[in-house]
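Hi,

Here is the structure I said I would pass on.

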Amino acid sequence: MSGGVTTIVKRELAGYFVSPVAYVFLVIFLLLTGFFTFTVGNFFERGEASLVSFFTWHPWLYLFLVPAVGMRLWSEERRLGTLELLLTLPIATWQAIVGKFLASWLFLILALVLTFPVIITVNWLGAPDNGVIASGYIGSMLLAGAYLAVSCMTSAMTRNQVISFILSVIILLFLILCGYNPVTDLLSQWASPQVVQVIASFSVMTHFDAFQRGIVDSRDVLFFGSVIGLALFTTGVIIRGLRAG
């Protein structure tokens with residue numbers, strides 16, 4: 001990691017914890033994951049030692065929580081007028097983008113790591129396949145990264161954080177629904193199976209499902225990596241346009 005990226009990562013991470021916002025987010029995240037896992041997901045009623053009820057809700061939980069983290073990345077800089085100052089620092093634009101993204105991703109990973117009590121709980125109650133659980137966590141981290149990259153892109157589009165949040169949710173909702181069974185079943189009524197398969201292949205649900213089953217497929221890793229790369233590249237194009245303007 002280059003010095004410029006490291007500087008931005010440290011700056012952004014410090015910015016999270018100087019206010020109570022980060023702690024409020026962590027508490028809300030942990031409460032919601034616990035609620036969806038144990039109450040909505042019927043964890044105890046399932047009678048099986050697995051975290052299926054834990055990971056199943058992540059695409060939907062992240063749909064609102066990740067944009068809430070990402071909406072401020074560039075919108076706040078534009079609103080406060082500090083974007084110009086940031087871009088005059090002796091760092092490349094891509095370093096600022098990658099640094100901001102990595103800092104926020106590390107924050108989300110920290111939130112995910114703090115859910116370790118569910119791992120302890122399921123191991124205490126039975127003998128789960130911890131390899132499947134590890135795969136689920138890897139998939140969840142990549143899923144959060146893809147959502148965050150999209151949120152980073154929409155944040156660069158506007159100085160209004162609410163608009164950034166709404167745009168992120170709309171884009172991410174599309175990435176969820178295009179692979180959701182009711183949607184693919186509906187599409188199959190008028191489109192060929194090949195077309196439906198192509199559309200479904202753009203869904204995060206299609207690729208996250210394999211991780212939940214304990215399969216770390218390079219194609220799924222490549223998909224999430226591509227979403228992150230494309231979204232950050234688009235962010236760079238937008239930021240350079242603002243810089244030129």
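Helix 6 (residues 72–80) has Leu73, Trp74, Ser75, Glu77 and Arg78 as its buried residues. Buried here means under 20% relative accessible area, exposed means over 50%, and partly exposed is in between (1.4 Å probe, protein chains only). Helices (H or I, at least four residues) and strands (E, at least two) are DSSP runs, numbered from the N terminus. Just past the end of helix 6, Gly81 has a positive phi of about 75°.

Before you go further: this is a predicted model, so local features need pLDDT of at least 70 and side-chain atom pairs count only at pLDDT 80 or more, while totals for chains, interfaces and linings use all residues. Residues are numbered from 1 along each chain as its sequence is written, and side-chain values use heavy atoms, with hydrogens and water left out.

Now the charged pairs. Side chains of opposite charge can pair when their charged atoms come close. I counted a salt bridge when a side-chain nitrogen of Lys or Arg is within 4 Å of a carboxyl oxygen of Asp or Glu. Searching the whole structure that way gives five salt bridges.

Helix 6 comes back in here. Arg72 and Glu12 form a salt bridge through their side chains at 3.9 Å, N to O. Glu12 sits in helix 1 (residues 3–17) and Arg72 in helix 6, so this pair ties together parts that are 60 residues apart in sequence. Glu12 is buried, at 5% relative accessibility, whereas Arg72 is partly exposed at 26%. Glu12 also meets Arg11 in a salt bridge, 2.6 Å from N to O, and Arg11 is partly exposed with a relative accessible area of 39%. Arg11, Glu12, Arg72 and Lys100 are linked in a network of salt bridges. Elsewhere, Arg213 and Asp209 pair up at 3.0 Å, N to O, with Asp209 partly exposed at 34% relative accessibility.

On to how the helices pack. Two packed helices are described by the angle between their axes and the distance between the axes. The axes are lines fitted to C-alpha atoms, for helices over the stretch in contact, and the angles run from 0 to 180 degrees between N-to-C directions. Angles under 35 degrees count as roughly parallel, over 145 as roughly antiparallel, 65 to 115 as roughly perpendicular and the rest as oblique. A crossing is left-handed if the near helix is turned anticlockwise from the far one by less than a right angle, and right-handed if clockwise.

How do helix 5 and helix 8 lie relative to each other? Helix 5 (residues 58–70) packs against helix 8 at an angle of about 135°, with the axes 12 Å apart, so the two are oblique. The crossing of helix 5 over helix 8 is right-handed. Helix 5 also packs with helix 10 (residues 130–157), at about 40° and with axes 9 Å apart. That pair is therefore oblique too, and the crossing is right-handed. Helix 9 and helix 10 pack at about 165° with their axes 12 Å apart, so they are roughly antiparallel. Helix 9 passes helix 10 in a right-handed crossing.

Pro67 is in helix 5 and is buried, with a relative accessible area of 0%. Its C-alpha is 8.3 Å from that of Ile166, which is 99 residues away along the chain. In helix 8 you will find Leu108, buried at 9% relative accessibility. Leu108 and Val66 are 42 residues apart in sequence, with 7.9 Å between their C-alpha atoms. Thr93 belongs to helix 8 as well and is buried at 7% relative accessibility. For Thr93 and Val183, 90 residues apart in sequence, the C-alpha to C-alpha distance is 39 Å.

Last, the surface. Leu30, Leu110, Leu114, Phe116 and Ile120 make a nonpolar patch of about 400 Å². Patches are made of residues with over 30% relative accessible area and no salt bridge, joining like charges within 9 Å and nonpolar side chains (Val, Leu, Ile, Met, Phe, Trp, Tyr) within 5 Å. The areas come from the Shrake-Rupley method with a 1.4 Å probe, and for residues only the protein chains shown count as cover. Leu114 is in the loop between helix 8 (93–113) and helix 9 (116–125), and is partly exposed at 31% relative accessible area.

Cheers
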